[in-house]
Amino acid sequence: MAVLPIVLYPDPVLMQSARALTPEEIRSGTANGLNLKQFTQDMLETMYAAPGIGLAAPQVGVSLRIHVMDTTAEKNQPMVLLNPKILAKKGSEKGEEGCLSFPKLFGMVRRAVQVTVEYTDLAGDLHKIETTALPARCLQHEIDHLDGVLFIDKMSITSKFSMRKDLEELRRNFLAKK
Ligand code: ZN
């Protein structure tokens, strides 16, 4: 197990659409030279250490359609989702969100209240879940990451305006590190 470095905005990998895992990659448990079981364990450890409730593979620099999450208060229900897909959405509400790729920044984002999501687990089994509230919000946030969509892209203008200086600082830090 290892805590992986988290990629921060505006690293280009966060704006790319991630590639789906093939059935063969899921069967063999290997993709992009990574052992998927080990890699997703590391992703969970990274998420818990941050601490956060969700983490998508592009946030650790891997452009594959994988994300992990655990929205329980007890932090005892780790989930690993391969090729997750939103099948249906219901309702709409605003809620506050943060993102591990934007440290200490929070803003209001409008999301569906309920989502039905299909995903494959590490064993290759297909699951369909219907969730509301925090897990539904988290799923939408993480699946957006796999499409290269960030929470600032969906944030209210007021929220985005209020964090413009912080975003500018993140951009400056990114350029300074290159
Ligand atoms: Zn995020």
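Is Thr-120 buried or exposed? Select it and see: Thr-120 counts as buried, because its relative accessibility is 10% and the cut-off for buried is under 20%. Bear in mind as you click around that this is a predicted model.

**Stop 1: around Thr-120**

Thr-120 sits in strand 8, which covers residues 114–120. Show its contacts, skipping residues up to four places away in sequence, and you get Ile-26, Val-80, Leu-81, Leu-82, Asp-125 and Leu-126.

**Stop 2: the zinc ion**

Now select the zinc ion. Its coordinating atoms are SG of Cys-99 plus NE2 of His-141 and NE2 of His-145, at 2.0 to 2.2 Å. Along the chain, these donors follow the spacing C-x41-H-x3-H. Cys-99 belongs to strand 6 (residues 93–99) and His-141 to helix 3 (residues 133–146), so this pair ties together parts that are 42 residues apart in sequence. Colour by accessibility and you'll find both Cys-99 and His-141 buried.

**Stop 3: the largest pocket**

Which of the elements gives the most? That's helix 3, with 6 residues. If you colour the lining by class, expect 11 nonpolar, 6 polar and 5 charged residues.

**Stop 4: the aromatic rings**

Next, select Tyr-9, Phe-102 and Phe-151, which form one aromatic cluster. The whole structure has 2 aromatic pairs. One of them is Tyr-9 with Phe-102, a stacked pair at 4.8 Å centre to centre and 25° between the planes. This pair links distant parts of the chain, with Tyr-9 in the segment before helix 1 (23–28) and Phe-102 in strand 7, 93 residues apart. Tyr-9 is buried, with a relative accessible area of 10%, and Phe-102 is buried too, at 1%.

**Stop 5: Ser-101 and its contacts**

Step back to Ser-101, in the loop between strand 6 and strand 7. Ser-101 is buried, with a relative accessible area of 0%. Leave aside neighbours within four places in sequence, and Ser-101 is in contact with Ile-6, Val-7, Leu-8, Tyr-9, Leu-14 and Gln-59. Draw a C-alpha to C-alpha distance from Ser-101 to Pro-10: the two are 8.6 Å apart in space and 91 residues apart in sequence.

**Stop 6**

Most residues other than glycine have a negative phi, and most peptide bonds are trans. Here are some spots to check against that.

- Pro-10, in the segment before helix 1, is joined to Tyr-9 by a cis peptide bond with omega of about 0°.
- Pro-51, in the loop between helix 2 (36–49) and strand 3 (54–56), is joined to Ala-50 by a cis peptide bond with omega of about -5°.
- Lys-75, in the loop between strand 4 (66–69) and strand 5 (79–90), has a positive phi of about 55° although it is not a glycine. At 36% relative accessibility, Lys-75 counts as partly exposed.
- Asn-83, in strand 5, also has a positive phi, near 50°.

How values were computed
Residues are numbered from 1 along each chain as its sequence is written. This is a predicted model: local features need pLDDT of at least 70, side-chain atom pairs count only at pLDDT 80 or more; totals for chains, interfaces and linings use all residues. Side-chain values use heavy atoms; hydrogens and water are left out. Helices (H or I, at least four residues) and strands (E, at least two) are DSSP runs, numbered from the N terminus. Buried means under 20% relative accessible area, exposed over 50%, partly exposed in between (1.4 Å probe, protein chains only). Contact means heavy atoms within 4.5 Å. Donors are N, O and S atoms within 2.8 Å of the metal (3.2 Å for Na, K and Ca); water is not among the atoms, so sites may look incomplete. Ala, Val, Leu, Ile, Met, Phe, Trp, Tyr, Cys and Pro count as nonpolar, Asp, Glu, Lys and Arg as charged, and the others, Gly among them, as polar. Rings of Phe, Tyr and Trp (its six-membered ring) pair if their centres lie within 6.5 Å; planes under 30 degrees apart count as stacked, over 60 as edge-to-face and the rest as tilted.
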